[in-house]
Amino acid sequence: SPTYAGFLRESGERKHVVLDLPSTVRFLPSQSVNTADRLWFFTREIIYMNWQTYHGHLIAGGANGYVSKERMEVEEWVRRLPEPAALADLEKLGVSLLVFHKNLVLFPDEDILASLKESKHLRLKSENEREAIFEIDI
């Protein structure tokens, strides 16, 4: 089970909407569509969906047979993090917590932990060697 499940269980009666990061929609550009061993973005999304069964809070990600228009909108906000406008859009969607999984960074540009920590609109709630949990404070 994810180490942050305990933190979320202890957060009281309030149900959070959690955005697990990194969360980018792409596969390795050096691989063609016909390559059997391609790395799809939703491998992590499936992990995040599984972890949701442990902590019981809603998530703003996930995987499906296709990438919906709504998921692509969330993707655009994720790419702009930690810009205040992106955080405001996520908050309107109901997202209250961001969980950054340090060991699930696949691409260098996904490692936005330092910028999340520097944001005036995020409060670091918990951190360990595997993840950092932030609350949106717009």
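Which helix holds both Tyr48 and Trp51, and how many residues apart do they lie? Both residues lie in helix α2, 3 residues apart, about one turn of the helix.

The model is predicted, so that local features need pLDDT of at least 70 and side-chain atom pairs count only at pLDDT 80 or more, whereas totals for chains, interfaces and linings use all residues. Residues are numbered from 1 along each chain as its sequence is written, and side-chain values use heavy atoms, with hydrogens and water left out.

**Overall layout**

The protein has 5 helices and 5 strands, where helices (H or I, at least four residues) and strands (E, at least two) are DSSP runs numbered from the N terminus. From the N terminus on, these elements follow one another as α-β-α-β-α-α-β-α-β-β. Of the 138 residues of the protein, 41% count as buried; buried means under 20% relative accessible area, exposed means over 50%, and partly exposed lies in between, with a 1.4 Å probe and protein chains only.

**The sheet**

An open sheet of 5 strands has the order β2-β1-β3-β5-β4, with mixed pairing; two strands pair if DSSP finds at least two bridges between them. The edge strands are β2 (58-59) and β4 (122-127), each of which pairs on one side only. β1 and β3 pair in the parallel sense over 5 bridges, and here Val17 stands opposite Val95 in β3. On its other pairing, β3 is joined by 5 bridges to β5, the two running antiparallel, with Leu98 opposite Phe134 in β5. β4 and β5 (residues 131-136) are likewise antiparallel, over 5 bridges, and Leu122 stands opposite Ile136 in β5. β3 is mostly covered, as 7 of its 7 residues are buried. Helix α4 (residues 84-93) lies across β1 (17-21), β3 (95-101), β4 and β5, and runs at about 120 degrees to β3; the angle runs from 0 to 180 degrees between N-to-C directions, with axes fitted to C-alpha atoms, for helices over the stretch in contact, and contact means heavy atoms within 4.5 Å.

**The aromatic cluster**

Rings of Phe, Tyr and Trp (its six-membered ring) pair if their centres lie within 6.5 Å, with planes under 30 degrees apart counted as stacked, over 60 as edge-to-face and the rest as tilted. By this rule the count comes to 2 aromatic pairs. Tyr4 and Trp51 form an edge-to-face pair, 6.2 Å centre to centre and with 75 degrees between the planes. Tyr4 lies in the segment before α1 (5-9) and Trp51 in helix α2 (residues 42-55), so the pair ties together parts that are 47 residues apart in sequence. The rings of Tyr48 and Trp51 have centres 6.1 Å apart and planes at 45 degrees, so this pair is tilted. Both Tyr4 and Trp51 are buried, and Tyr48 is buried as well. Tyr4, Tyr48 and Trp51 form one aromatic cluster.

**Salt bridges**

The structure holds 9 salt bridges, each being a side-chain nitrogen of Lys or Arg within 4 Å of a carboxyl oxygen of Asp or Glu. The table gives some of them.

| Pair | Closest N and O atoms |
|---|---|
| Arg80 and Asp89 | 3.7 Å |
| Lys102 and Glu127 | 2.8 Å |
| Lys117 and Glu127 | 2.9 Å |

The pair of Glu127 in strand β4 and Lys117 in helix α5 links distant parts of the chain, 10 residues apart. Lys117 is partly exposed, with a relative accessible area of 42%, and Glu127 is partly exposed at 35%. Lys102 also counts as partly exposed, at 27% relative accessibility.
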